[in-house]
Amino acid sequence: MAQLLILFCTVLALISFPACAKDDVIPVAFSEGLLDSQPVASGLKVLVSDFLDDRTDARRLGLRRAVVGSDEVYQVRNGGPGDATAKALVEYLFRKGWFTQYVGPGAEENGDVIISGRILELSLDSTRGLGTDIVAKSKLAIQARNHADGSAITYTVSQSGTYSVLWFEEKDAEEIMRDVLDKSFEKFVERIKVDGGGLHFR
């Protein structure tokens with residue numbers, strides 16, 4: 001009986017005083033830092049600029065809710081969702097073999113295609129108890145504008161995912177957020193083709 005009481009108190013302490021409670025913020029990175037490692041390549045040059053964030057709260061992603069203790073806020077690490085989403089898209093396209101580059105707002109770079117878009121929904125929420133269930137959602141309107149003829153295409157993609165862990169670490173939240181974004185980007189890429197020096201719907 002005494003051992004069960006000790007175990008209960010230990011679990012309660014872990015729930016009540018999580019490692020991230022110091023500043024009540026859990027920073028989440030959307031990309032893995034591959035932007036500076038891309039080789040120079042030939043072929044279609046795709047530039048990706050910041051996404052506009054149409055959400056009410058332009059920085060916060062959501063909450064890690066506690067059964068006991070205080071809630072914690074999921075927040076984008078080093079920047080806002082707009083540039084973080086753009087950089088995540090650059091890394092996704094890079095892994096798929098595209099010649100792609102991130103350009104900040106107002107940058108005057110020459111490319112065959114400029115991809116940008118709007119964030120319609122982007123959230124990361126979880127409930128902390130004996131384990132943690134993390135739910136991530138995204139809805140993006142992705143636009144590709146072709147330099148050659150001035151044409152543009154826009155495609156809206158949605159994706160969600162749930163991830164359950166027994167012992168929560170910050171990387172768990174990052175992994176599911178990246179997975180949801182990657183699957184959103186995949187839907188966009190599957191819908192388009194390279195044609196006439198630009199991107200068009202299949």
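In the predicted model, Lys87 forms a salt bridge (a side-chain nitrogen of Lys or Arg within 4 Å of a carboxyl oxygen of Asp or Glu) with Asp83, and the closest N and O atoms of the pair are 3.8 Å apart. Because Lys87 and Asp83 lie four residues apart in helix 2, about one helical turn separates them; helices (H or I, at least four residues) and strands (E, at least two) are DSSP runs numbered from the N terminus. Lys87 is partly exposed at 24% relative accessibility, whereas Asp83, at 17%, is buried, where buried means under 20% relative accessible area, exposed over 50%, and partly exposed in between (1.4 Å probe, protein chains only).

The structure holds 10 salt bridges, among them one between the side chains of Arg118 and Asp54, with an N to O distance of 2.8 Å. This pair links distant parts of the chain, since Arg118 belongs to strand 7 (residues 113-128) and Asp54 to the loop between strand 3 (52-53) and strand 4 (60-66), 64 residues apart.

A further salt bridge joins the side chains of Glu170 and Arg77 (3.5 Å, N to O). Glu170 lies in helix 3 (residues 170-191) and Arg77 in the loop between strand 5 (72-76) and helix 2 (81-95), so the pair ties together parts that are 93 residues apart in sequence. Arg77 and Glu170 are also linked with Glu174 and Arg178 in a network of salt bridges.

Residues are numbered from 1 along each chain as its sequence is written, and side-chain values use heavy atoms, with hydrogens and water left out. As the model is predicted, local features need pLDDT of at least 70 and side-chain atom pairs count only at pLDDT 80 or more, while totals for chains, interfaces and linings use all residues.
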